[in-house]
Amino acid sequence: SASAELPMTDPGEFASVGPALTRAMRHNGMSPAGPLIQHTAVTIDGTRNHLLRQTRAETLIDIPGFVTAPAHSLTNCVLARFEGAAADLGIVYSALAVYAYEREIGLTGEFHVVFVEQVDLDVTVDVFASTTATET
C-alpha cells in the first residue's frame, strides 16, 4: 500500500484537513485505508506537521499539493494510548516525556498520532514517540 500526506501549518486544522485529504485521494483514484495519522516533528528549525493516510493502491499516484510515498514506517519508538477529551490530548506528550526521562530513553522530537476512534469530542489515539536508539 502507498500513503499520501498533506503539510499542516496548525495542528488544529486536523478537522478540516483530514476530510480534504480523504476527498483528494478518492478524487485521484486512491482508496483510503486505515485511520488518519498526524505526524509532528519538532526540530531546531521549528515544528512540521503532516497528516497521513494509507491507501489500498498498488501503484503510486501523484496528487497535486500532496506528498505521496510507497510506504511509511516508524522504528525505535515508545507508545502511549490516550482515551479522553480531544482538548486534553496534550497530556500524553508530557507523559511520554516523563516515561522516557525516567528510563533514560532519548526522544527525537518526532511523534505519530494515530486516530483510532472519535466519538463527539472524545478520542482514542495511539501516540508513537520516536527514540534515538533501540531499547532492549
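## Surface, fold and second largest pocket

The protein chain has an accessible surface of about 8,000 Å², with 53% of that belonging to carbon and sulfur atoms (Shrake-Rupley method, 1.4 Å probe). This is a predicted model, in which local features need pLDDT of at least 70, side-chain atom pairs count only at pLDDT 80 or more, and totals for chains, interfaces and linings use all residues. Residues are numbered from 1 along each chain as its sequence is written, and side-chain values use heavy atoms, without hydrogens and water.

The chain holds two helices and seven strands, in the order β-α-β-β-β-β-α-β-β; these are DSSP runs, helices being H or I of at least four residues and strands E of at least two, numbered from the N terminus. Contacts (heavy atoms within 4.5 Å) with a separation of 6 or more come to 62% from residues 24 or more positions apart. Of the 136 residues, 40% count as buried (under 20% relative accessible area, 1.4 Å probe, protein chains only).

Ile105 sits in the loop between helix 2 (90-102) and strand 6. Ile105 is buried, at 11% relative accessible area. Its C-alpha lies 6.8 Å from that of Thr131, 26 residues away in sequence.

Strand 3 (46-55) and strand 6 (107-119) each supply at least two lining residues of the second largest pocket, and strand 3 gives the most, three. The lining divides by class as follows.

| Class | Lining residues |
|---|---|
| Nonpolar | six residues |
| Polar | five residues |

How values were computed. Ala, Val, Leu, Ile, Met, Phe, Trp, Tyr, Cys and Pro count as nonpolar, Asp, Glu, Lys and Arg as charged, and the others, Gly among them, as polar. Buried means under 20% relative accessible area, exposed over 50%, partly exposed in between (1.4 Å probe, protein chains only).
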